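Work through the exercises below with the sequence and the model side by side. Try each task before you read its solution.

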Amino acid sequence: DFTEGGLGADHSGNYNYFTPNNLGTEDMVEDSPTNNFATLSSVWNSTGATFPLSEGNLKCAMTTSGSGLNGSTIAPESGKWYCEYLVSTLPGSDRAAVGIADVDGLFMDNNGNAQNIVAICTAANNRYWDFGTEHDSATGVSQVVANDIVQFAWDVDTGKVWIGINNTWQGTSSPNPATGTSPLATHSTVKAWAPILRFASGGSESFTVHFNAGQDSSFAGTKTAQGNQDGNDKGDFYYTPPSGFLALCTDNLDSPAIDLPSDHFNTVLYAGNGGTQSVTGAGFAPDFVWIKNRTDAVNHGLFDTIRGVKNSLQSNTTTEARTAAGATEDLYAFGSDGFSVGVGGGAYINCNESSKNYASWNWKAGGTASTNDDGSMDSEVSANPAAGFSIVSFPAGAAAAGNMTVGHGLSQAPTMIIVKNLPRDYDWNVYQADVCPGGAGRLILNSDAGVESGALPFNGVPTSSVFTFNNGFGSTEDDEIIAYCFHSVEGYSKVGTYTGNGVADGTFVYTGFRPSWLMIKYIDGGSGYSWQIADNKRNTYNVVDTNLLAESNSAEGHTWSAKDFVSNGFKLRTTNSAANGSGLDFLYLAFAESPFKTSNAR
């Protein structure tokens, strides 16, 4: 028999919910063994403030000073959604708010000011927040008082947000979510919203809120249950959700585009034997394999099917591509379930030294490359559009400086591109959409430096068919270029950024899946901040604190970048500036172990 929402604890002190039949998803309450409703999250806060959660993580009672933001466990990337808050007690100022937040945005700055959120203050002058703008004494907006029920309805696809108080939608011109008219805010570029609580207090003030994503219209017995459901007959709401708006539960989430992420990406560990061996267990024929000796200070080895076997690149150096001399040296064969490796006098990476442990990270592209003529320069492309990954080879073009476009083979614009000039000792150039606006600037994979502004290897924003490359940026006409292109795929991969909070109860980053592999990098500027790579095979349970560094040949370790992998993202567990510095910005690239809709807690 399970009580109190089936509440238990996992390795990291987070919350799991047990049902008679299975282990539920991190921080979720289940109304059946297969359907989970969103709750407030025990791991999600923006500044390290403590949010005392109870009643199955649906109640928050703040009585201490501090500033922070707590988010929910589900943030859909499409569709129309609805939730409710019962505000039981509230401070006598604008220090508290309920609302929704852009999961990819900066929620609060270092002064506790609201940023990428739409929220209504629970006291003070009919005030609501709209992405850092404070609307005071807003026309058509009532003041929230104790025991009010605040409603939020939002449409991810249009970015429209409506706020209701006691079933009256706020604003002017007859706002109505069901007809899509007169939203209180619109942010069409937001890809995913999550319900949130905001608190910013300089002293002891009381703030008690009950959250309802569809599991309890009585708000833990404080109201008379009403039993209203959404159009899919899901949930238990105090008020009827607007037509077309759904409860935040896993049954209402879209089925993942990729059911089994390991069909497209997988980590395989192996032990070297000093001769040759076939490494299997990838689960598919890999087109891109990244190998690192975990035991010793040895260079990384990157191999792909476009350049062919034995042809290695090293992420930690500027060294040109090198081809091993022997028939069975380095990675010498790609297979249907992995690859074959060997050692020898002509090897450059020595991927199979005796008694050494190795990590291999394997990606599936599109197999044999084909010619792509979408750009101004033809490219050879091996693409996996469903997984948002392609390998692109192309000549640098005319020696004179200028821009060229290159077809990448994906169905939408890549948001991260990693490029290397093959015949020259040049840097690895990295484009990431959030840190290279307009294509300006770069990161360097073989360096621990931050963003280099003004550098222009990518001189334009990628489109759904091409990216722009500045062929005068250290290249000549005959140089061959290799590019690895990525974009986010819901439930499978995520390219994004986050802001650190500088405390051990670190920033939580919502990905929409449980990660299997994660690379993070500080991006604000300065040097000394590594490209840190973690995976779920070298750390099989939390805390995940064994890292390899893309820009360094060092052996694995580096526990200063500790984190948890949870069912819907990752949670930093360190104060170290390289992974969670206060107010510092980081980029990340993550791949899934399992989509959130079908994910269980670790």
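**Exercise 1. The largest pocket**

Which strand gives the largest share of the lining of the largest pocket?

Solution. Start with the ground rules. This is a predicted model, in which local features need pLDDT of at least 70, side-chain atom pairs count only at pLDDT 80 or more, and totals for chains, interfaces and linings use all residues. Residues are numbered from 1 along each chain as its sequence is written, and side-chain values use heavy atoms, with hydrogens and water left out.

Step 1. On a 1 Å grid over the protein atoms alone, a pocket is an open set of points with protein on both sides within 12 Å along at least five of seven lines; a cavity is a set where a 1.4 Å probe fits but cannot get out; lining residues have an atom within 4 Å of a point.

Step 2. Count the lining. The largest pocket has 23 lining residues, and D104, K191, T415, D434 and V495 lie nearest its centre.

Step 3. Sort by element. Strands are DSSP runs of E with at least two residues, helices are runs of H or I with at least four, and both are numbered from the N terminus. β39 supplies 4 residues, the largest share.

**Exercise 2. K191**

Describe the surroundings of K191, one of the residues nearest the pocket centre.

Step 1. Check exposure. Buried means under 20% relative accessible area, exposed over 50%, and partly exposed in between (1.4 Å probe, protein chains only). K191 has 56% relative accessibility, so it counts as exposed.

Step 2. List contacts, meaning heavy atoms within 4.5 Å. Leaving out residues up to four places away in sequence, K191 touches P76, E77, D104 and V156.

Step 3. Look along the chain. D102 is 89 residues from K191 in sequence, yet their C-alpha atoms are 7.5 Å apart.

**Exercise 3. Salt bridges**

Find what the pairs K234–D251 and R573–D505 tie together.

Solution. Step 1. Side chains of opposite charge can pair when their charged atoms come close. The cut-off here is a side-chain nitrogen of Lys or Arg within 4 Å of a carboxyl oxygen of Asp or Glu. The structure holds 17 such bridges.

Step 1. Take K234 and D251, whose closest N and O atoms are 2.8 Å apart. K234 is in the loop between β19 (207-212) and β20 (246-247), and D251 in the loop between β20 and β21 (265-271), so the pair ties together parts 17 residues apart in sequence. K234 is partly exposed at 22%, and D251 is partly exposed at 32%.

Step 2. Take R573 and D505, at 3.7 Å from N to O. R573 is in the loop between β45 (569-572) and α1 (577-580), and D505 in the loop between β39 (493-499) and β40 (508-510), so this bridge ties together parts 68 residues apart in sequence.

Step 3. R307 and D304 come to 2.7 Å between their closest N and O atoms, and both are buried.

Step 4. Look for a network. R294, D535, R538 and E556 are linked in one.

**Exercise 4. Core and cavity**

Trace Y484 through the largest nonpolar core and the largest cavity.

Solution. Step 1. Define the core: buried Ala, Val, Leu, Ile, Met, Phe, Trp, Tyr and Cys residues joined through side-chain atoms within 4.5 Å. The largest has 54 residues, of which W363, M416, Y484 and F486 touch the most other members. Strand β38 (residues 480-486) gives the most, with 6 residues.

Step 1. List partners of Y484. Beyond four places in sequence, its contacts include F288, D304, R307, M416 and W428.

Step 2. Turn to the cavity. The search of the whole structure finds 1 cavity of 30 Å³ or more. The largest cavity holds about 50 Å³ of space. Among its lining residues are W363, Y484 and F486. β23 (288-293), β38 and β41 (513-522) each supply at least two lining residues.

Key. Points joined across faces, edges and corners; volume = space filled by probe spheres on them.
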